[in-house]
Amino acid sequence: MSSRERILSAVKKNQPELTELVAYIQPESQEDLLGRFTSVLEGIGGTAIVAQDLAGVKSYLKEMWQGKGRIVSMIPELQELGELAGEADPHNFENVELAIIPAHFAVAENSAVWVTEELLQQRVLPFITQNLAVVVSKARLVATMHHAYDIIGSGDYGFGTFIAGPSKTADIEQSLVLGAHGSKSMTVFLI
Amino acid sequence: MLTAAARIHLREKFLTRRAAITGVNFAIAETGEFVVCTNEGNADMGAHLADVHIACMGIEKLIPQRKHTGIYLRLLARSATGQPVTTYSSHFRRPREGQQLHIVLVDNGRSTQLGREEFRNSLKCIRCGACMNTCPVYRRSGGHSYHTAIAGPIGAILAPNLDMKQYADLPFASTLCGSCSNVCPVKIDIHDQLYKWRQVLMKDGQGGAMKGLSMKAMNFTLSSPGVYRTAGKAGRWFYGTCRLW
């Protein structure tokens, strides 16, 4: 008997009586999603910037980041700022100072943005970069994680992730420090 | 400063290693994907750079549908550090092109615990750590005193399932104050299970001779007023003599 068969038969033998799946409660949407998103993101160490359009994002990022290191931009309209993630080997992104990525949508209750492989090209990009800029449409703000999974639905992706703020840890210094292994800062542009 | 030093040091490891082993927070039966949550980004740095990703999960990590992940992601970080959600909640469904992805499903006593009706509730644990942060015993003694991988109140009810003899002491190291059950987001009756484990362990002869003997002596003393008073007098005399010294 293989270990797989052994485990499955033990689970089957000890299976408790099945219970009905509890009702899935869908919370109502709430007012002022933008205000909530902004304040939560600031609370977890990120920065939210409301911009008129991509031109506004471009001029902000240009002022902040141009000449400060390698920039990778996954948004065609912001191509002027940096290269596309054309490299095949993820290790080649180790010296990226700023990555600019689009997100499918953002969640107001926890200021997370949802991105998938399709938008990133390279899965490692938002983690390996020193600093992260995300562009998302204001119209794509949802209230809670329940609404988020409503949008994701049965969509197909090889890899998808919620990113909420810069990476952080309190495991090393016993007090919270921003910038563990992932990006040291996160700026979200809402347009 | 220390964190920055660790970041630089470990970055080199992430960039040069060919295989990455991660845990799994939730696995979704409906879609076959799994979710790994970190605040540091260590799981993602490892998994997306390595040629081989090996994800190890307990068989109890399975949840029915993708939409249920939202509920658990909310619960996990709120109950762990008080954050609204973990910084990275990564959903893996397929390996990236050219990468190998292996998922190891671990039993390690879980199927046995499933068969123990009084204790199977402990398998609901999502490892948030809320019971540890609230536990007066854990906060004084720290993780290593539990001499098992999972510390705190939840560790004390999981460990005896693996080895009753080796972990017989853990369910007794509790005040049964119930704070753990109070904060548990998935409503495990932790302090009740600690109490139940004591009975199981004593019946199994894991309590030790001293514990049995002292309980018998207590029973003898407390069931007779005469003996109780004499014992009280003897105690006071003994205490008084000690103080004179």
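In which loop of chain B does Lys187(B) lie? Lys187(B) is found in the loop between α8 (179-183) and α9 of chain B, where helices (H or I, at least four residues) and strands (E, at least two) are DSSP runs numbered from the N terminus. This is a predicted model, in which local features need pLDDT of at least 70 and side-chain atom pairs count only at pLDDT 80 or more, while totals for chains, interfaces and linings use all residues. Residues are numbered from 1 along each chain as its sequence is written, and chains are lettered from A and ligands numbered from 1 in the order in which they are written.

**The contact between the chains**

- The contact takes 39 residues from chain B and 43 residues from chain A, two residues being in contact if their C-beta atoms, placed from the backbone, lie within 7 Å.
- On the side of chain B that touches chain A, at least two residues each are supplied by α1, α2, α3 (68-80), β6 (88-92) and α4 (110-115) of chain B, and the largest share, 6 residues, comes from α1(B).
- By class, that side of chain B has 14 nonpolar, 14 polar and 11 charged residues; here Ala, Val, Leu, Ile, Met, Phe, Trp, Tyr, Cys and Pro count as nonpolar, Asp, Glu, Lys and Arg as charged, and the others, Gly among them, as polar.
- Helix α1 (residues 2-16) of chain B has 15 residues and reaches 22 Å from its first C-alpha to its last, close to the 21 Å expected at 1.5 Å a residue, the expected span being 1.5 Å times one less than the number of residues.
- In α1(B), the residues Thr3(B), Arg7(B) and Phe14(B) are buried, a term for residues with 20 or more other C-beta atoms within 10 Å of their own, whereas exposed residues have 12 or fewer and partly exposed ones fall in between, with C-beta atoms placed from the backbone.
- The buried residues of α1(B) pack against β9 (168-169) and β10 (177-178) of chain A, together with α2 (42-49) of chain B.

**A sheet with strands from both chains**

- An open sheet of 8 strands, with mixed pairing, runs in the order β7(A)-β4(A)-β5(A)-β8(A)-β6(B)-β3(B)-β2(B)-β5(B); two strands pair if DSSP finds at least two bridges between them.
- Its edge strands are β7 (141-142) of chain A and β5 (62-63) of chain B, each of which pairs on one side only.
- Strand β8 (residues 159-163) of chain A pairs with β6(B) in the antiparallel sense over 5 bridges, with Ile163(A) opposite Tyr88(B) and Phe159(A) having Phe92(B) as its bridge partner.

**Strand β11 of chain A and its partners**

- Strand β11 (residues 185-190) of chain A is mostly covered, since 5 of its 6 residues are buried.
- Strand β1 (residues 47-50) of chain A pairs with β11(A) in the parallel sense over 4 bridges, and Thr47(A) stands opposite Thr187(A).
- Strand β6 (residues 131-136) of chain A also pairs with β11(A) in the parallel sense, over 6 bridges, and the bridge partner of Val135(A) in β11(A) is Phe189(A).

- The buried residues of α6(A), including His146(A), His147(A) and Tyr149(A), pack against β4 (105-107), β5 (112-116) and β7 of chain A together with α3 of chain B.
- Just after α6(A), Gly153(A) takes a positive phi of about 50°.
- In chain B, helix α7 (residues 152-162) and helix α9 (residues 190-203) pack at an angle of about 35° with their axes 10 Å apart, where axes are lines fitted to C-alpha atoms, for helices over the stretch in contact, and angles run from 0 to 180 degrees between N-to-C directions.
- By class, the contact of α7(B) with α9(B) has 9 nonpolar, 1 polar and no charged residues.

**Positive phi in loops**

- Gln121(A) has a positive phi of about 65° although it is not a glycine, and this residue is found in the loop between α4 (117-120) and α5 (125-128) of chain A.
- With 14 C-beta neighbours inside 10 Å, Gln121(A) counts as partly exposed.
- Lys187(B), a residue other than glycine, has a positive phi near 55°, and Lys187(B) is exposed, with 10 other C-beta atoms within 10 Å.
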